Amino acid sequence: MSMRLAQALLSDDPAERDRYLNEETLRHAVSRAIFCAVTQRVLDVRDAVLFTVTNNGSTGSITMTGAAWDSMSEGVLAKAAELGAVTEVIDGRAL
């Protein structure tokens, strides 16, 4: 278990716990994907975005660079809202 994950699990502050868990979730996604699904550039956890969507009981996610997310986020989020899907965005630039 990483030190950051241990800190998350032991933290009394819910916001701090969520931040640590989001960092570890994003780090895991980046290490599995290695390349941006949109641009095929090598991912850097400090600039990566993990977008997860759940719709009609199915869940999918995509890991991409922050620039790729910026270019498509408005349209993707609007379409997800139109479909009534639940979304989660973990943006490494904000962690």
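Which two side chains meet in a salt bridge at 3.5 Å, N to O? They belong to R27 and E24, and a salt bridge here is a side-chain nitrogen of Lys or Arg within 4 Å of a carboxyl oxygen of Asp or Glu. Before going on, note that this is a predicted model, where local features need pLDDT of at least 70, side-chain atom pairs count only at pLDDT 80 or more, and totals for chains, interfaces and linings use all residues. Residues are numbered from 1 along each chain as its sequence is written, and side-chain values use heavy atoms, with hydrogens and water left out.

**The overall layout**

- The protein has three helices and three strands, and from the N terminus on they come in the order α-α-β-β-α-β.
- Those labels come from DSSP runs numbered from the N terminus: helices are H or I with at least four residues, and strands are E with at least two.
- Along its principal axes, the C-alpha trace spans about 40 × 30 × 20 Å.
- Of the 95 residues, 28% count as buried; that means under 20% relative accessible area, while exposed means over 50% and partly exposed is in between (1.4 Å probe, protein chains only).
- Take the contacts between residues at least 6 apart in sequence: 49% of them join residues at least 24 apart, with contact meaning heavy atoms within 4.5 Å.

**The hairpin**

- Strand β1 (residues 48–55) and strand β2 (residues 58–65) run antiparallel, joined by eight bridges; two strands pair if DSSP finds at least two bridges between them.
- Look across from A48 and you'll find T65 in β2.
- Two residues sit between the strands of this hairpin, and N56 in the turn has a positive phi of about 50°.

**Salt bridges in helix α2**

- The count comes to six salt bridges, and here's the general idea: side chains of opposite charge can pair when their charged atoms come close.
- Back to the opening pair: R27 and E24 are about one helical turn apart, because three residues separate them in helix α2.
- R27 is partly exposed at 39% relative accessibility, whereas E24 is buried at 15%.
- E23 forms a salt bridge with R19, and their closest N and O atoms are 3.1 Å apart.
- E23 and R19 are four residues apart in helix α2 (residues 14–33), so about one helical turn separates them.
- E23 counts as buried at 11% relative accessibility, but R19 is partly exposed at 33%.

**More about R19**

- R19 also lies over the face of Y20, at 4.8 Å from the ring centre; a charge sits over a ring if NZ of Lys or CZ of Arg is within 6 Å of the ring centre and within 35 degrees of the ring normal.
- Although A94 and R19 are 75 residues apart along the chain, their C-alpha atoms are separated by 9.7 Å.
- You'll find A94 in the segment after β3 (86–91), and A94 counts as exposed because its relative accessibility is 65%.

**Other salt bridges**

- The side chains of R46 and D44 meet in a salt bridge at 2.5 Å, N to O.
- R46 is exposed, with a relative accessible area of 64%, while D44 is partly exposed at 31%.
- D70, D91 and R93 are linked in a network of salt bridges.
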